[in-house]
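Trainee: I am new to this structure. Please take me closely through one part: the salt bridges and the charged side chains around them.

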Amino acid sequence: MGTHGQLGVKMPDNKIVGCYVHYDGDSMRPRIEDYLSKYTTTDLTLLIAQSQSSGGMRGFNYDDDPKVADFLDDDEEYIIDESNWKEDHFGARYRYLVDYQTGDIQKRTG
């Protein structure tokens, strides 16, 4: 059973680029921190945007390539943005929002 989550980047204009993450929502923070220690918030934003076209990510894993992740294989896109960030996305209990400018990570549950 997956621990559903959301991963997003809050842009300077307060817009959010976000996606659904099916597995390991409760434990993504160390992987996000590792990613941001190697790559930029721009890389993360592009990765999230790419995952939207396949329905999101299975889990936030990127195999040392900032442009590759474990994407879902859905035929429909699934976009999370500032208009629906706080909604229940398939029971996503964990929300990670990365500040684009600082790289700070906010984690919310529930």
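Mentor: Start with the elements. Helices and strands here are DSSP runs, numbered from the N terminus: a helix is H or I over at least four residues, a strand is E over at least two. This is a predicted model, so a few limits apply: local features need pLDDT of at least 70, side-chain atom pairs count only at pLDDT 80 or more, and totals for chains, interfaces and linings use all residues. Residues are numbered from 1 along each chain as its sequence is written, and side-chain values use heavy atoms, leaving out hydrogens and water.

The protein chain has two helices and six strands. From the N terminus they run β-β-α-α-β-β-β-β. The radius of gyration, taken over C-alpha atoms, is 12 Å, close to the 13 Å from the globule rule for 110 residues, so the chain is as compact as a globular protein of that length. That rule is 2.2 Å times the number of residues to the power 0.38. Along its principal axes, the C-alpha trace spans about 30 × 30 × 25 Å.

Buried means under 20% relative accessible area, exposed means over 50%, and partly exposed is in between, with a 1.4 Å probe and protein chains only. Of the 110 residues, 43% count as buried.

Now the part you asked about. Side chains of opposite charge can pair when their charged atoms come close. A salt bridge is a side-chain nitrogen of Lys or Arg within 4 Å of a carboxyl oxygen of Asp or Glu. By this rule there are five salt bridges.

Look at Arg-58. Arg-58 forms a salt bridge with Asp-70, with the closest N and O atoms 3.5 Å apart. This pair links distant parts of the chain: Arg-58 is in strand β3 (residues 57-59) and Asp-70 is in strand β4, 12 residues apart. Arg-58 also forms a salt bridge with Asp-73, where the closest N and O atoms are 3.0 Å apart. Here too the pair links distant parts of the chain, with Asp-73 in the loop between β4 and β5, 15 residues from Arg-58 in strand β3. Together, Arg-58, Asp-70 and Asp-73 are linked in a network of salt bridges.

How open are these three? Arg-58 counts as partly exposed because its relative accessibility is 27%. Asp-70 is partly exposed too, at 33%. Asp-73 is at 62%, so Asp-73 counts as exposed. There is one further distance to check at Asp-70. Its C-alpha atom and that of Gly-56, 14 residues apart along the chain, are separated by 8.9 Å.

Asp-74, Asp-75, Glu-76 and Glu-77 gather in a patch of negative charge on the surface. A charge patch is made of residues with over 30% relative accessible area and no salt bridge, with like charges joined within 9 Å. Asp and Glu count as negative, Lys and Arg as positive; His and the chain ends are not counted. Take Glu-77 as one example. Glu-77 lies in the loop between β4 (70-71) and β5 (94-99). Its relative accessible area is 55%, so Glu-77 is exposed.

The side chains of Asp-34 and Lys-38 meet in a salt bridge, 3.3 Å from N to O. Both residues lie in helix α1 (residues 29-38), four residues apart, about one turn of the helix. Asp-34 counts as partly exposed, at 32% relative accessibility. Lys-38 is at 42% and also counts as partly exposed.

Asp-24 sits in the loop between β2 and α1. Asp-24 has a positive phi of about 60 degrees, although it is not a glycine. With a relative accessible area of 36%, Asp-24 is partly exposed. Asn-14 has a positive phi as well, near 75 degrees, and is a residue other than glycine. Asn-14 lies in the loop between β1 (5-10) and β2 (16-21). Its relative accessible area is 49%, so Asn-14 is partly exposed.

End with a covered residue. Thr-41 is in helix α2 (residues 41-52). At 12% relative accessibility, Thr-41 counts as buried.

Note on methods. Patches are made of residues with over 30% relative accessible area and no salt bridge: like charges are joined within 9 Å, nonpolar side chains (Val, Leu, Ile, Met, Phe, Trp, Tyr) within 5 Å. Accessible areas come from the Shrake-Rupley method with a 1.4 Å probe; for residues, only the protein chains shown count as cover. The place of a charge is taken as NZ of Lys, CZ of Arg, CG of Asp or CD of Glu.
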